[in-house]
Amino acid sequence: MSTSKVACGIVVPWSVIVPVTFGVRPTAVFAASDEMAIGTILAARDFGLRVPYDLSVIGIDGHELGEVFGLTTIDQDARGQGALAVRRLLDGLDGGSDTEAADTEFPTHFVIRSSTAVPPADPA
């Protein structure tokens with residue numbers, strides 16, 4: 001038996017979707033990107049799991065497909081981050097700002113959609 005399932009071009013480990021050795025399947029997956037989260041949603045559906053009732057899924061990026069899949073995500077605003085980086089770079093080249101490295105916080109937005117829910121009560 002294969003150890004993974006390909007969904008949306010992304011390899012999703014079976015252990016995330018089906019019960020693992022101890023018969024306990026996770027109730028949620030926090031994917032490293034929205035694309036991986038969408039792949040997880042599709043793989044869960046292939047295994048008959050209902051998102052979010054059986055498995056909650058959250059991604060990060062704010063990908064435009066997130067809305068189509070009802071994906072809860074952390075929108076990082078990549079364009080805004082890039083614009084800020086270019087402004088800081090150009091300011092540094094113009095001598096208009098301090099050339100020392102500086103930490104800069106950039107706002108993110110938690111976008112709650114239909115892919116997350118409270119885990120089901122333990123029947124035991």
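Is Thr73 buried or exposed? Select Thr73 and look. This is a predicted model. Thr73 has a relative accessible area of 1%. Buried means under 20%, so Thr73 counts as buried.

**Stop one: Thr73**

Show the secondary structure here. Thr73 sits in strand S5, which covers residues 72-75.

**Stop two: Val51**

Next, select Val51. Find the loop that runs between helix H2 (34-46) and strand S4 (56-61); Val51 is in that loop. Val51 has 22% relative accessibility, so Val51 counts as partly exposed. Show its contacts. Setting aside residues up to four places away in sequence, Val51 touches Ile41, Ala44, Val57 and Ser115. Thr27 and Val51 are 24 residues apart along the chain. Their C-alpha atoms are separated by 9.9 Å.

**Stop three: Leu89**

Move on to helix H4, residues 78-93, and select Leu89 within helix H4. Leu89 has 53% relative accessibility. Exposed means over 50%, so Leu89 counts as exposed.

Which residues form a nonpolar patch on the surface with Leu89? Select Val86, Leu90 and Leu93 as well. Together with Leu89, they make up the patch, with about 410 Å² of accessible area.

Methods. Residues are numbered from 1 along each chain as its sequence is written. This is a predicted model: local features need pLDDT of at least 70, side-chain atom pairs count only at pLDDT 80 or more; totals for chains, interfaces and linings use all residues. Side-chain values use heavy atoms; hydrogens and water are left out. Helices (H or I, at least four residues) and strands (E, at least two) are DSSP runs, numbered from the N terminus. Buried means under 20% relative accessible area, exposed over 50%, partly exposed in between (1.4 Å probe, protein chains only). Contact means heavy atoms within 4.5 Å. Patches are made of residues with over 30% relative accessible area and no salt bridge: like charges are joined within 9 Å, nonpolar side chains (Val, Leu, Ile, Met, Phe, Trp, Tyr) within 5 Å. Accessible areas come from the Shrake-Rupley method with a 1.4 Å probe; for residues, only the protein chains shown count as cover. A salt bridge is a side-chain nitrogen of Lys or Arg within 4 Å of a carboxyl oxygen of Asp or Glu.
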